[in-house]
Amino acid sequence: MFRFLTAGESHGPGLSVLLDGIPAGLDISEDTIKVDLQRRQKGFGRGGRMKIEKDHAVIRSGIRHGVSLGSPISLWIENLDHKNWESAMSPYPVDDSVDKKEFSNTVPGHADFAGALKYKQHDLRNVLERASARETTARVAAGAICKIFLSKFGIYIKSKVLSIGGIESEIEEDINNADWQYAENSEVRTTSPELEKKFIDAILKSKKDRTTIGGVFQVVAFNLPVGLGSFSQWDRKLDGKIAQAMMSINAVKGVEIGNGFKNTKKPGRDVQDVIVPDKKDKRNFKHLTNHAGGLEGGVTNGEPIIVNVAIKPIATMTSPLPSVDINTGEKVPAQYNRSDICQVPPACVIGEAMLAISLTDVLLEKFGGDHIDEIISNVSSYTSTHNEFGGK
Ligand code: EPS
């Protein structure tokens with residue numbers, strides 16, 4: 001069984017990551033993990049915090065001489081900003097002279113209102129610190145390890161921004177011909193130079209208007225075997241697992257698999273993906289289209305998994321909305337804490353991590369194994385049974 005957990009507050013000493021169930025025999029280095037950590041830190045519309053942090057995950061266990069042992073892998077990511085918060089975020093008691101950076105003005109759209117009542121907190125910092133998107137750094141580190149595992153099966157993941165502030169391309173891009181490298185080099189992670197300029201202008205306008213801006217990003221996984229996930233129980237369906245994984249990313253309010261929403265506007269005959277024989281495909285079959293986003297009945301069908309994820313504009317704004325003081329009930333302006341204007345480009349990298357984590361879970365569920373060689377052999381034994389279908 002594969003599991004992963006994170007711990008850590010945004011301005012605390014750092015973040016911990018624990019991955020249990022990663023097999024033995026994988027080459028894992030801090031440098032490889034760092035590539036994704038750096039990708040997450042980029043993006044037009046980020047706030048001042050990213051100028052302070054230089055995210056680096058230190059391997060603390062589960063890896064010896066660069067190779068995984070099959071034991072729990074733990075990582076530690078230091079918050080460089082913590083040095084500015086040592087007393088305010090100290091795990092130890094502090095005296096009253098210390099500025100604890102407490103606040104009680106709730107922020108509409110933030111977790112702080114519900115969190116205060118739920119955890120009986122009079123200082124909203126006690127909610128903000130864990131609810132912060134800083135935690136996604138830990139997920140990206142975990143995802144980087146899962147990507148190493150998935151690469152052993154030829155599985156890889158790409159991402160791009162589809163829209164920011166409602167601005168989007170009128171033409172649907174073919175994911176097999178998308179210029180993913182352009183997106184990688186783009187500050188707003190788009191494959192289109194035309195959209196790039198419009199996205200940047202929209203973010204700049206939001207900043208000028210002292211507000212924030214959301215959007216939609218897309219994550220795609222390629223080269224999957226048929227049969228990951230299962231229709232046999234509701235909680236084993238892979239589309240459900242992916243939806244939960246994506247929905248758990250901060251500020252995400254919508255998840256679409258394939259053309260989920262667009263398909264509702266078309267007749268059935270136009271949205272099913274017709275299956276044809278294809279001797280070149282390792283399944284001996286292929287689908288003519290991929291409206292289903294690679295998942296039918298909660299199971300991979302061998303086409304790329306396509307997930308579109310909607311992020312709302314971030315709650316914290318330099319021009320605060322009217323709100324309430326959680327302790328006095330008085331009407332007050334919302335608290336302003338330093339924040340980002342637009343989180344959509346970095347969220348692509350977080351989405352990649354969550355998809356890698358979800359796929360690692362179902363791949364290990366189906367193929368088991370404690371050493372990577374055992375799992376590779378299990379996968380190839382299974383895929384060889386596809387020769388019994390359609391081959392005669
Ligand atoms: C965040 C507020 C900002 C963001 C932060 C998420 O941090 P700070 O309060 O230190 O300015 O930069 O995101 C990260 C730290 C990160 O690593 O992505 C929030 O309130 O959610």
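Five strands, in the order 8-7-9-15-10, make up an open sheet whose pairing is antiparallel. Strand 8 (167–168) and strand 10 (252–257) are its edges; each has a single partner strand, so one side of each is left without a neighbour in the sheet. Strands here (E, at least two residues) and helices (H or I, at least four residues) are DSSP runs numbered from the N terminus, and two strands pair if DSSP finds at least two bridges between them. The model is predicted: local features need pLDDT of at least 70 and side-chain atom pairs count only at pLDDT 80 or more, while totals for chains, interfaces and linings use all residues. Residues are numbered from 1 along each chain as its sequence is written, and side-chain values use heavy atoms, with hydrogens and water left out.

- Seven bridges link strand 9 (residues 215–222) to strand 15 (residues 305–311) in the antiparallel sense.
- Within this pair, G215 is placed opposite I311 of strand 15.
- Helix 8 (residues 238–247) lies across strand 9, strand 10 and strand 15, and runs at about 155 degrees to strand 10. Angles run from 0 to 180 degrees between N-to-C directions, and axes are lines fitted to C-alpha atoms, for helices over the stretch in contact.

- Contact means heavy atoms within 4.5 Å.

**Strand pairs around strand 2**

- Strand 1 (residues 3–7) and strand 2 (residues 14–20) are antiparallel partners over five bridges.
- In strand 2, V17 stands opposite T6, and L18 stands opposite L5.
- The hairpin of strand 1 and strand 2 has six residues between the strands, and G8 takes a positive phi near 130 degrees there.
- Strand 2 is also joined to strand 6 (residues 73–78) by six bridges, the two running antiparallel.
- V17 has L75 as its bridge partner in strand 6.

**Helix 1 against helix 9**

- Helix 1 (residues 30–41) packs with helix 9 (residues 344–367) at an angle of about 145 degrees, with the axes 7 Å apart.
- Helix 1 contributes D36, R39 and R40, which meet P346, V349, I350 and E352 of helix 9.
- By class, the residues of this contact are three nonpolar, no polar and four charged. Ala, Val, Leu, Ile, Met, Phe, Trp, Tyr, Cys and Pro count as nonpolar, Asp, Glu, Lys and Arg as charged, and the others, Gly among them, as polar.

**Ligand site**

- H11, R40, R46, R49, M50, S132, A133, R134, T137, R338 and D340 are the residues around the ligand, each with a heavy atom within 4 Å of it.
- This shell comprises two nonpolar, three polar and six charged residues.
- Polar contacts (pairs of N or O atoms within 3.5 Å; within protein, one must be able to donate a hydrogen and the other to accept it, and residues adjacent in sequence count only if both atoms are side-chain atoms) include a polar side-chain atom of H11 at 2.6 Å from a ligand oxygen atom.
- R40 places a side-chain N or O atom 2.6 Å from an oxygen atom of the ligand, and for R338 the corresponding polar side-chain atom lies 2.4 Å from a ligand oxygen atom.
- The ligand taken alone exposes 470 Å², of which the protein buries 93%; accessible areas come from the Shrake-Rupley method with a 1.4 Å probe, and for residues only the protein chains shown count as cover.
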